Amino acid sequence: MTDATVIDRTRDLSQPLERLGPDESMKDRSDYLRGTIAGGLLDQITGAVPSADDVKLMKFHGIYQQDDRDLRDERRRQKLEPAYQFMIRVRLPGGVCTPAQWLKLDELARAHGGETLRITTRQTFQFHWVLKDSLRPIIQGLHDTLLDTIAACGDDSRGVMCTVDPQSSRFHAEVATLAKSVSDHVIPKTRAYHEIWYGTERVATSEPEEPFYGRTYLPRKFKIGFALPPSNDIDVYAQDLGFIAIADKEGLAGFNVAIGGGMGRTDQAPETYPRLASVIGFVPADRVIACADAVMAVQRDYGDRKDRQRARFKYTIDDKGLDWIKAEIEQRMDVPFESARAFEFTSNGDSYGWNITPDGRHHRTLIIENGRLNLKLLDALRDIARVHRGTFRLTANQNLIVAGVQAEDRAAIDAILAEHFPDIDHFSILRRNAIACVALPTCGLAMAESERYLPSLLDKIEEILAESGLSDEPITVRMSGCPNGCSRPYIAEIGLTGRAPGKYNLYLGGGFHGERLNRMVRENVGEATILEVLAEALARYARERQPGEHFGDFTIRAGIVREVTAGRFFND
C-alpha cells in the first residue's frame, strides 16, 4: 500500500474552495440545493430558469433544462429565445414499477410530456418536452404513487440498477429490495426537494442537513448497480460501484464488489477514457450498505474537484492506485474484503417473449426500440396496466418486462398486444441487441443524431449481414450522440459516438458480455465509411470465425483491432 503521506491532495475536498473548480463554490453557496429555483419557476418572462446556477442545481432534483434544437436556428433568426423545455428523470431503483405507478406515469406523459415516455439505459423513465409550468404538476403527480426524481441527475449517487432478466430471478426479489434500500440510503437528505416541489415549510434544526454529502456533495455523478449472474444486463463493469450477486447452497451469500467503471470521455482529450470496473473482493449481503458508504466516502474525499473532466471515480482509482483505494475502503468499512468468489456472465442482453420462472410466474419481455414509448405503445401498455396483477420491469437495454403474470392472465395480455401492436416481436436479432441515447433534438450535449438515426443505419447493416449469412448472429450495437456514452457504446462490439452532424467515431472489439472495452477504428466519418468498414469486417467474420466465436472476439483475434486491456490504454 502506498503511504498516505505521498498521496496528492491538491485537487480534492481538503483544499479551499477558491483552489477548486467553480462548480464546487456553486454547490457550497446553493444552501443545500435550494439556490433560487423556487423564484425562477415563477418568472413568466422566459420559458427557462433564469439563473445558470439553478440550471445546474436542478439536475440534483432530476431535471435538465433543454431546448428544441431543431428550432434553434429559426428562433434565433426571429430574435426569439430558444424553445425551452425540460427533461425529467424518475428515480426508479432496480427498474421495478407497479401497475398503479405505470398508470400515473402514463397520465402525466399524456398531459405534460408530449404524449411520449422514454425508457433509459439506466432502467428508468424520462419525460421530455416538459414546459416550465408543468414541472410541479409532474413531480407532485409522481409523489401520489410514491415516486420521485431525487438525485436522478447531479453530483450524487444516481439511480441504482438491478438485473431484471427473468432467467436470473431466483434472488431477484431479495436483490431488488436491497437495491431500493441502497438507493433510499444514498440520496441527498436535504429538504430542498420537498420545499420546492411539494410546498413544505422549511424547518429549523440543529441536525446537519447533509450528514454524508456535506455542502459540496460529490465531485461528479456516481453510479451503482446490482448484477445477478449469469446475466450482465446492467453492464456491471460500467458502474462506479457494482455488486455481483453470489449464491451458495443456503441462498444469497453476498456480492463481489467491482469499482471504477465509467463510460464518459472527451474527444481530443487523451487524458479522458472509459474504464471497466475492477473486482476487489467479496462482502456478505448484510455489509452492502456499509460498503457503499465506504466507497462513496473515498470518492467524496479524494475525487478531483478541480477538473470536472477527470472527476469521476475511475480517475481517482487510476491516479491513486487500486490497492491504495481498496485499503482506504476497507479502513472505512472497518473490515477487510473477503476474496472474490467465482461467477460467470453469459449475456448482457434481454430474453424476449414469454419466460417462466421456477416460482410459476410468467414474464413477457417486449422490445421497445431505443426505449421510445410513442402514443401507440402507451395505449397498449395502459390497457395492460389496467388488468396486470404483477409488476413492470424496465431493462438496461431499454426494453420492458411485464413481470409476475399468472398463467391464466397470459392470454389477455397477448390479446391486448395483438390489438394495439401486432408486430411488437418482429425485430431482427441485430435490433434486439442495439440501444441508442436520446441525442437530438433535445439533449444539449448531442453532436449528432442517435435515437432518430440508428434505426435507418441498422436497415443498412442488416443488408450487409444478410449478404454474409449472418442475420441470425447476435452482435451488440450501441450509438451515442456525443462521447459521454450514455448508451455505453465503449463496451459494444460495434460502437458509434457522434462528432458532428452525420459524423461518428466507429469502435470495434467490445466484449459480447460487457467484459471488454472496444477500440476506435475510424474517427469522424460518415455513413458510407462506416458501412464500408463494417462490410469488410463482417465478411471476414463470416468466412473466418471459429465455432461460437462472437464478432467482438473475432475482430481482436483477426487483428482488425488491438485489444484494450485497461481503460488508461483506450486512446493508445
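## Salt bridges

Lys56 and Asp23 meet through their side chains in a salt bridge, 3.0 Å from N to O; the term stands for a side-chain nitrogen of Lys or Arg within 4 Å of a carboxyl oxygen of Asp or Glu. The pair links distant parts of the chain, with Lys56 in helix 3 (residues 52-60) and Asp23 in helix 1, 33 residues apart. Helices here are DSSP runs of H or I with at least four residues, strands are runs of E with at least two, and both are numbered from the N terminus. Lys56 is partly exposed, with a relative accessible area of 35%, while Asp23 counts as buried at 12%. Buried means under 20% relative accessible area, exposed means over 50%, and partly exposed is in between, using a 1.4 Å probe and protein chains only. Both residues also belong to a network of salt bridges that links Asp23, Glu24, Lys27, Lys56, Asp155, Arg305 and Arg308.

A word on the model itself: it is predicted, so local features need pLDDT of at least 70 and side-chain atom pairs count only at pLDDT 80 or more, whereas totals for chains, interfaces and linings use all residues. Residues are numbered from 1 along each chain as its sequence is written, and side-chain values use heavy atoms, with hydrogens and water left out.

The structure holds 55 salt bridges. One of them joins the side chains of Arg11 and Asp304, at 2.9 Å from N to O. Arg11 lies in the segment before helix 1 (22-28) and Asp304 in the loop between helix 9 (288-302) and helix 10 (313-320), so this pair ties together parts that are 293 residues apart in sequence. Arg11 is partly exposed at 32% relative accessibility, and Asp304 is buried at 9%. For a local example, look at Asp379 and Arg382, whose closest N and O atoms are 3.6 Å apart. Both lie in helix 12 (residues 375-387), 3 residues apart, about one turn of the helix. Asp379 is partly exposed at 22% relative accessibility, and Arg382 is partly exposed at 22%.

## The annotated cysteines

The unreviewed UniProt entry places the feature "binding site" at Cys437, Cys443, Cys482 and Cys486. These residues are spread over 50 residues of sequence, yet they cluster in space, with a largest C-alpha distance of 11.4 Å. UniProt positions follow the numbering used here, feature names are shortened, and annotations may be inferred rather than shown by experiment.

Cys443 is in the loop between strand 16 and helix 15 and is partly exposed at 23% relative accessibility. Leaving out residues up to four places away in sequence, Cys443 touches Gln66 and Arg69, where contact means heavy atoms within 4.5 Å. Cys482 lies in the loop between strand 17 and strand 18 and counts as buried at 8% relative accessibility. Cys486 lies in the loop between strand 17 (477-480) and strand 18 (494-500), but is partly exposed at 46%.

## Aromatic rings

Rings of Phe, Tyr and Trp (its six-membered ring) pair if their centres lie within 6.5 Å; planes under 30 degrees apart count as stacked, over 60 as edge-to-face and the rest as tilted. By this rule the count comes to 20 aromatic pairs. Tyr237 and Phe345 are edge-to-face, 6.1 Å centre to centre with 85° between the planes. Both Tyr237 and Phe345 are buried. Tyr453 and Tyr504 are stacked, at 5.6 Å centre to centre and 20° between the planes. This pair links distant parts of the chain, 51 residues apart: Tyr453 is in the loop between strand 16 (434-436) and helix 15 (454-467), and Tyr504 is in strand 19 (residues 503-508). Tyr453 and Tyr504 are buried as well.

Phe60, Phe212, Tyr213 and Tyr217 form one aromatic cluster.

An open sheet of 5 strands has the order 3-14-15-12-11, with antiparallel pairing. Strands pair if DSSP finds at least two bridges between them. The edge strands, each pairing on one side only, are strand 3 (96-97) and strand 11. Strand 3 is joined to strand 14 (residues 391-394) by 2 bridges, and Val96 stands opposite Arg393 in strand 14.
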